[in-house]
Amino acid sequence: MIGLSHYLLVGAALFGLGMFGLLTKRNLIAVLMSVELMLNSVNINLVAFSRYTATDAAAGQVFSLFIIAVAAAEVAIGLALAYAIYKGRGTVSVDEIDWLKW
Amino acid sequence: MWAEFSLTHAWLIPLLPALAFVAISFFLLGAPWLASRLAIAAMSSSFAIALGVGWAVVSQGITVETPFLMKTVWFSMPGLSIDMGVLVDPIAAMMLFVVTLVSLMVLIYSTGYMAGDPGFSRFFAFMSLFAASMLGLIIATNFLQMFVFWELVGLCSYLLIGYYFYKISAREAAKKAFMTTRIGDFGLLMGILFLQILFGTLDFTELAAKVPAFVKANGAATLTGIGLLLFVGPIGKSGQFPLHVWLPDAMEGPTPVSALIHAATMVVAGVYLVARAFAIFSVLPGAMTVIAWLGCFTAIFAASIALTQREIKRILAFSTISQLGYMMMALGLGSLTASMFHLMTHAFFKALLFLGAGSILHALHDKADIFEMGGLRKSMPATCAMMGIAVLAISGIPPFAGFFSKDEILAAAAHVSTPLYIAASVTALMTAFYMARLFIVAFLGEPNPHNHPHESGKSMLVPMGVLAFLSIVGGIVPYAFGFGDWVRFGPAHHAGIDWGVASSSTLIALAGFGLAWSVYGAGHKKSDAIAQKAGVLYTLSFNKFFVDELYQWLNRNVLTGLARILYWVDIHVVDGIVDGAARGTGTAGSMLRRLQTGQMQHYAAIMFVATVALALILAFTAGAVAGGGKL
């Protein structure tokens with residue numbers, strides 16, 4: 001029988017993978033993809049909790065839809081930034097993109 | 001009718017000249033004739049109202065105990081409420097009369113004296129403001145209102161002494177006058193603040209009610225200190241020793257200014273302040289003693305300097321200091337009547353003396369040394385006659401004005417303290433001597449062939465004539481009509497003439513005349529020989545006892561050293577704290593900014609670790625409370 005904890009485990013694994021990618025990848029596109037993974041893991045958690053603990057309300061599902069919409073917008077802007085940076089600086093390597101300081 | 005109107009509109013007396021000042025300085029700077037006429041018209045109206053006020057005081061029986069009061073709240077905040085208004089009692093009424101009269105005479109005189117001066121309108125504007133400030137000071141109901149006008153008087157003296165601002169000496173003299181009196185004003189301000197703290201009011205009538213009870217309950221020690229602080233103001237303003245140094249230098253202004261400063265507006269402000277606050281001073285025997293002795297010392301000190309001065313206006317300046325010392329001494333002796341009486345007669349004859357000196361300077365094109373004058377009686381008979389009257393009046397020859405007032409002071413001194421009486425008599429002798437010296441050297445003797453003097457015009461002689469008339473009758477008429485019944489403090493003061501004092505003072509004055517004649521009547525040879533013989537004394541007196549040099553020395557050595565120490569403290573301690581605070585912030589910032597690498601993944605890692613740490617903390621603390629996590 002598949003229960004709540006199974007979904008949560010999948011979500012946690014997905015989040016861990018996303019976090020690993022976020023912290024280790026050098027490519028800006030890969031970093032953005034990792035962020036998408038983390039967002040999707042959160043969506044899984046929300047839907048699972050909604051299904052198992054508050055069966056009469058659809059709040060979790062609605063949240064997920066919102067997150068998907070926001071994530072789409074975020075990716076659009078993120079990719080646009082990546083493209084602009086690549087055009088301007090000739091690189092998408094995040095350890096070279098460090099001029100946003102001081 | 002007029003009296004009633006004047007009394008309820010007494011605030012117009014300072015307001016009219018003030019308005020004249022505004023009108024002249026904004027609209028009439030290019031119209032000298034109109035400016036002078038406007039100033040004179042405003043002052044005449046003030047004089048008319050002052051006369052009405054005087055008549056109202058007499059006819060309505062306003063006394064020192066029941067003054068006419070009219071006030072409104074000026075500003076108020078929790079714990080402090082200051083009124084502004086009009087206080088008219090016989091003392092104020094007398095002052096209003098004297099100040100408006102002398103100012104009016106000086107203004108009329110100035111139309112002749114200042115004719116053709118490029119700053120003619122400016123002069124009349126400042127003179128109007130000067131008189132307005134003084135008149136406002138007179139009718140003040142409380143210390144703060146008085147202090148505001150007091151400072152205005154100081155400002156106007158600065159403007160007028162420095163009237164010839166293109167002369168370095170005039171600028172320096174103006175600065176000196178302002179700063180010297182500022183020293184006194186600081187003491188006065190401290191005294192006023194202490195009064196406010198102690199009594200919660202600055203109103204003269206309220207203070208007069210509260211102070212005696214306070215002294216009875218707490219002793220006089222604290223209040224004596226405050227009284228002496230208050231008295232520092234008059235020391236500066238009224239040219240008492242040791243802050244008298246500005247007065248002789250104030251001669252740099254035009255002569256009508258000197259007349260106004262010395263007779264009516266500036267220097268008597270100090271005497272008037274002490275008289276106005278007499279309810280405070282009179283219950284402080286310690287402060288009274290200081291006032292009496294300081295006044296006496298100033299009187300004799302300044303008179304001894306006047307003996308040897310050569311410039312006509314300088315002689316008169318030291319004479320003023322000396323006479324102010326007389327007035328202060330009278331106050332210290334507790335005789336407000338004598339002091340105010342002398343203030344009034346002195347205003348008449350000293351204004352006359354200065355206007356006469358101005359007339360001479362006008363004729364001789366500012367040649368001020370009396371030993372270069374000589375024989376002016378032939379070329380300037382009217383000036384000579386009126387100066388003669390003034391000399392007789394200041395020396396105290398009956399029946400001229402000075403006799404009656406000086407006699408009251410001497411009588412008061414004789415009653416209270418013999419040393420003071422002797423010192424005052426010696427001063428009287430010196431006064432008669434140096435005034436006779438001035439008169440003999442300048443008017444009698446052989447004319448100086450290099451001079452081509454001419455008598456002054458009507459606009460100058462008429463005001464002098466009025467003042468000469470007052471110098472003759474200004475003593476006997478008030479005396480006959482009971483000046484002491486009105487202008488007094490405490491019980492009515494029926495000073496009959498003390499014939500012993502009166503005859504001895506007259507003899508002393510005559511002796512002074514005789515001495516002066518024996519020295520200067522025969523020409524300069526004899527006086528030069530005496531100066532040679534007197535040696536050190538002559539040098540001391542001629543150089544004003546080197547007080548100015550002492551201040552210079554103190555300034556150079558003590559003050560500069562102190563300034564250097566304070567400069568070091570400022571640079572290293574005060575600035576050090578400020579600079580240190582800035583430098584500390586900078587250092588902390590430059591260290592902290594190392595944390596900001598710009599590497600987005602560092603930020604993400606820190607955020608992750610922080611979130612995990614926060615979650616763990618919440619889980620464990622929540623677990624400790626609720627006995628285990630929910631999951």
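Visitor: At what angle do helix 9 and helix 12 of chain B pack, and how far apart are their axes?

Guide: This is a predicted model. In it, helix 9 (residues 221-237) of chain B packs against helix 12 (residues 267-276) of chain B at about 155 degrees, and their axes are 7 Å apart.

Visitor: Are helix 9 and helix 12 of chain B roughly parallel or roughly antiparallel?

Guide: Angles over 145 degrees count as roughly antiparallel. Helix 9 and helix 12 of chain B are therefore roughly antiparallel to each other. Their crossing is left-handed.

Visitor: Which residues make the contact?

Guide: Helix 9 of chain B contributes B:Phe231, B:Gly233, B:Pro234 and B:Lys237. From helix 12 of chain B come B:Val267, B:Ala269, B:Gly270, B:Val271, B:Leu273 and B:Val274. Sorted by class, the contact has seven nonpolar, two polar and one charged residues.

Visitor: How do the axes of helix 15 and helix 20 of chain B cross?

Guide: Helix 15 (residues 312-332) and helix 20 (residues 418-443) of chain B have axes that come within 11 Å and cross at roughly 160 degrees. That angle makes helix 15 of chain B roughly antiparallel to helix 20 of chain B. The crossing of these two helices is left-handed.

Visitor: Which residues make that contact, and how do they divide by class?

Guide: On helix 15 of chain B they are B:Ile312, B:Ile315, B:Ser319, B:Ser322 and B:Met329. Helix 20 of chain B supplies B:Leu420, B:Ala424, B:Thr427, B:Thr431, B:Tyr434, B:Leu438 and B:Ala442. By class, this contact has eight nonpolar, four polar and no charged residues.

Definitions and conventions:
Residues are numbered from 1 along each chain as its sequence is written. Chains are lettered from A and ligands numbered from 1 in the order in which they are written. This is a predicted model: local features need pLDDT of at least 70, side-chain atom pairs count only at pLDDT 80 or more; totals for chains, interfaces and linings use all residues. Axes are lines fitted to C-alpha atoms, for helices over the stretch in contact, and angles run from 0 to 180 degrees between N-to-C directions. Helices (H or I, at least four residues) and strands (E, at least two) are DSSP runs, numbered from the N terminus. Angles under 35 degrees count as roughly parallel, over 145 as roughly antiparallel, 65 to 115 as roughly perpendicular and the rest as oblique. A crossing is left-handed if the near helix is turned anticlockwise from the far one by less than a right angle, and right-handed if clockwise. Two residues are in contact if their C-beta atoms, placed from the backbone, lie within 7 Å. Ala, Val, Leu, Ile, Met, Phe, Trp, Tyr, Cys and Pro count as nonpolar, Asp, Glu, Lys and Arg as charged, and the others, Gly among them, as polar.
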